[in-house]
Amino acid sequence: MHYRSWGDPKKPTILLLHALACHNGWWKWVAPYLEKEFYLVAPDLRGHGLSPWADSYRFEDYAMDIEKLARTFEGPYAIVGHSMGGYVGLKVASRGVCPPSALMIADMKIDSPDEELAGLHKAAQKSGRTYETLQDAVVQYKLLPPKHTAPMDRIEEIAKECYRQLEDGHWRERFDRRALAIEKVESIKLSSQISCPTWIVRANESVVMPAEGAEELTRITNGQLQEMEGACHHLPLEVPEAFATLIRSFMAKLR
């Protein structure tokens, strides 16, 4: 599993897990605010970024990858997961094999309607577009959901890491589109199976995490709920400093 890291490995470890069809570069604007206090490790999930493609993309597969990575750390570790990364963190915590000492879930889906799953499974069967140049690909790159408050320079920077050059010189996304064929999300069920301290973070203009779902997760986990102003979903890109401040506060409460 490919990952990038910031900070001193002797400091408390935080695993930063990205969303579906993203990569670890999403955390580049959060890390500078935390790297002096923590050891930050941001992996590319299987089939994403520079990590290898795989034959299976079950949530359990992602969880086992994270558990394997976590065993290389000395001492406890926390997970901060955004969107699908939050669900993977929830899965790791619920399995109890190598659970985190704390979990922050940021703007994660509560469930997955059948129509939405069908659309993702259909998209997973498509090969994706190719582009003449990397710049052509970057220009066409769009965040999903499309509504956001992230500066364009950040979007362009993460987009440049989303593509790979083919032998014929064209460019295509690195992401394995087969990973879009996700399983049904059952956040409420999983949240009842964890025991570590948990914070739920919701973008105040989120179309991904409904307010009532966030409140229910908070109730079940006996956690804390925080809404992020000025954000629609892509918290690490939209409000990285405020998000980092939340993470620091979360970690401080564990001491």
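Guide: Strand 1 (3-6), strand 2 (13-17), strand 3 (39-43), strand 4 (77-82) and helix 2 are what the buried residues of helix 1 pack against. Packing here rests on contact, meaning heavy atoms within 4.5 Å. The model is a predicted one, in which local features need pLDDT of at least 70 and side-chain atom pairs count only at pLDDT 80 or more, while totals for chains, interfaces and linings use all residues. Residues are numbered from 1 along each chain as its sequence is written, and side-chain values use heavy atoms, with hydrogens and water left out.

Visitor: Why is helix 1 called mostly covered?

Guide: Of its 12 residues, 9 are buried. A residue is buried under 20% relative accessible area, exposed over 50%, and partly exposed in between, with a 1.4 Å probe and protein chains only. Among the buried residues of helix 1 are Phe59, Tyr62, Ile66 and Leu69, and also the charged residues Asp61, Asp65 and Glu67.

Visitor: Why is arginine 129 called exposed?

Guide: Its relative accessible area is 53%, and the term exposed applies over 50%; arginine 129 is therefore exposed. Arginine 129 lies in the loop between helix 3 and strand 6. Leaving aside neighbours within four places in sequence, arginine 129 is in contact with Gln140, Trp171 and Arg172.

Visitor: How do you know whether aspartate 107 is buried or exposed?

Guide: Aspartate 107 has 0% relative accessibility and counts as buried, because the limit is under 20%. It sits in the loop between strand 5 and helix 3. Its contacts beyond four places in sequence include Ser83, Val201, Arg202, Cys232 and His233.

Visitor: What can be said of histidine 48, buried or exposed?

Guide: Histidine 48 is buried, at a relative accessible area of 0%. Its place is the loop between strand 3 and helix 1. Not counting residues up to four places away in sequence, histidine 48 touches His18, Tyr62, Met84 and Phe175, among others.

Visitor: Why is strand 4 described as largely enclosed?

Guide: Strand 4 is largely enclosed by the rest of the structure because 6 of its 6 residues are buried. Tyr77, Ile79 and Gly81 point one way, and Ala78, Val80 and His82 the other way. In a regular strand the side chains alternate between the two faces of the sheet.

Visitor: What makes strand 6 and strand 7 edge strands?

Guide: An open sheet of 3 strands has the order 6-8-7, with antiparallel pairing. Strand 6 (130-131) and strand 7 (163-165) are its edges, as each pairs on one side only. Strand 7 and strand 8 (residues 171-173) pair over 3 bridges.

Visitor: What makes a space a pocket, and how much space lies in the largest pocket?

Guide: On a 1 Å grid over the protein atoms alone, a pocket is an open set of points with protein on both sides within 12 Å along at least five of seven lines, whereas a cavity is a set where a 1.4 Å probe fits but cannot get out. Lining residues have an atom within 4 Å of a point. Points are joined across faces, edges and corners, and a volume is the space filled by probe spheres set on them. The largest pocket holds about 1200 Å³ and is lined by 39 residues. Helix 3 gives the most to this lining, with 3 residues. The second largest pocket has a volume of about 210 Å³, and helix 1 gives the most to its lining, with 3 residues.

Terms used: Helix = DSSP H or I, 4+ residues; strand = E, 2+ residues; numbered from the N terminus. Pairing = 2+ DSSP bridges.
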